Amino acid sequence: DSFLSRLEWKISKTSSRIERDERKRKILESSYGLKLKYYTREEISFLLDITIERVRQIRFEVLNEIRKEVTTEVKGLFFSYYIEEINEFKRDLIKKGVLSQLGFKEYISNRYNVNFSLYEPYINLLIDVLEFKVVKTHLHLLKDNDLIFFDRKINDKLFIRVCHAVFVAVESNTIMTEIDDVVIYVKKETK
């Protein structure tokens, strides 16, 4: 039985438990776009008439519940059948250390021979469940290409600073080459 199905299940639950599970399900589905549309925490807070902080807390609780299932071999739980595959997936990514969002999509598509976009909401959920760190980059060289840190030993801030320093060094050399090309062109034309 899947985690979401269990949240929808109403038999043998009190009305308050049904309400809590419904809220959890809506937050999980909306946070990851599992039912077509992705919503921000603020939008979810408007839809459920709760605070943004409460949305964050409930989302955190749900992720912990799923995380517990992913790491526990209890027979009958949905994830118990996939624990070894999930652990292998996690070990493989930790070896990679860091991937860009685009590199990760390519890796998943090639490794599992799937169309990433079909599974993207669930893969993003798995990234959070496995506690990988997604870093939004604000450098124009990495625009729209966030970094995913799989190895917790990597200092993400230092990594991004080094990337930026390398980019600046390469760009400054590129600009010089372009200026040299302009000089050569102008001299050729004025000869």
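## A nonpolar patch on the surface

Let's start on the outside: Leu 158, Val 162, Val 166 and Val 170 together make a nonpolar surface patch with about 330 Å² of accessible area. Patches here are built from residues with over 30% relative accessible area and no salt bridge, joining like charges within 9 Å and nonpolar side chains (Val, Leu, Ile, Met, Phe, Trp, Tyr) within 5 Å. A salt bridge, in turn, is a side-chain nitrogen of Lys or Arg within 4 Å of a carboxyl oxygen of Asp or Glu. Accessible areas come from the Shrake-Rupley method with a 1.4 Å probe, and for residues only the protein chains shown count as cover.

Val 166 has 49% relative accessibility, so it counts as partly exposed. The cut-offs are these: buried is under 20% relative accessible area, exposed is over 50%, and partly exposed lies in between (1.4 Å probe, protein chains only).

## The whole chain

This is a predicted model, in which local features need pLDDT of at least 70 and side-chain atom pairs count only at pLDDT 80 or more, while totals for chains, interfaces and linings use all residues. Residues are numbered from 1 along each chain as its sequence is written, and side-chain values use heavy atoms, with hydrogens and water left out.

The protein chain has eight helices and three strands, and from the N terminus their order is α-α-α-α-α-β-α-α-β-β-α. Helices (H or I, at least four residues) and strands (E, at least two) are DSSP runs, numbered from the N terminus. Of the 191 residues in the chain, 33% are buried. The accessible surface comes to about 13,100 Å², and carbon and sulfur atoms hold 56% of that. Among contacts with a separation of 6 or more, 45% join residues 24 or more positions apart; a contact means heavy atoms within 4.5 Å.

Helix H5 (83-96) has 14 residues and spans 20 Å from its first C-alpha to its last, close to the 20 Å expected at 1.5 Å a residue. That expected span is 1.5 Å times one less than the number of residues. Which residues of H5 are buried? They are Ile 83, Ile 86, Phe 89 and Leu 93. These residues cover an arc of only 125° around the axis, which puts them on the same side of H5. The arc is taken from the directions that run from the helix axis to the C-beta atoms.

On the face of H5 turned away from its buried side you will find the exposed residues Glu 84 and Lys 95. The buried residues of H5 pack against helix H4 (52-71), E1, H6 and H7. Just after H5, Gly 97 has a positive phi of about 80°.

## Helix H6 and its neighbours

Helix H6 covers residues 101-112, and its 12 residues reach 16 Å from first C-alpha to last, close to the expected 16 Å. Its buried residues are Gln 101, Phe 104, Tyr 107 and Ile 108. Viewed down the axis of H6, they fall within an arc of 115°, so they line one face of the helix. Exposed Glu 106 and Asn 110 are on the face turned away from the buried side. The buried residues of H6 pack against helix H5, strand E1 (98-100), helix H7 (116-129) and strand E3 (147-149).

With 15% relative accessibility, Gln 101 counts as buried. Leaving out residues up to four places away in sequence, Gln 101 touches Glu 120, Asn 124, Asn 145, Asp 146 and Ile 148. Gly 103 also belongs to H6, but is partly exposed, with a relative accessible area of 24%. The C-alpha atoms of Gly 103 and Asn 145 are 9.0 Å apart, although 42 residues separate them along the chain.

## Positive phi angles

Most residues other than glycine have a negative phi. Ser 12, which is not a glycine, has a positive phi of about 65°. Ser 12 lies in the loop between helix H1 (3-8) and helix H2 (15-32) and, at 78% relative accessibility, counts as exposed.

Asp 49 has a positive phi too, near 60°. Asp 49 is in the loop between helix H3 (41-48) and H4, and its 71% relative accessibility makes it exposed. Just after H6, Asn 113 takes a positive phi of about 50°.
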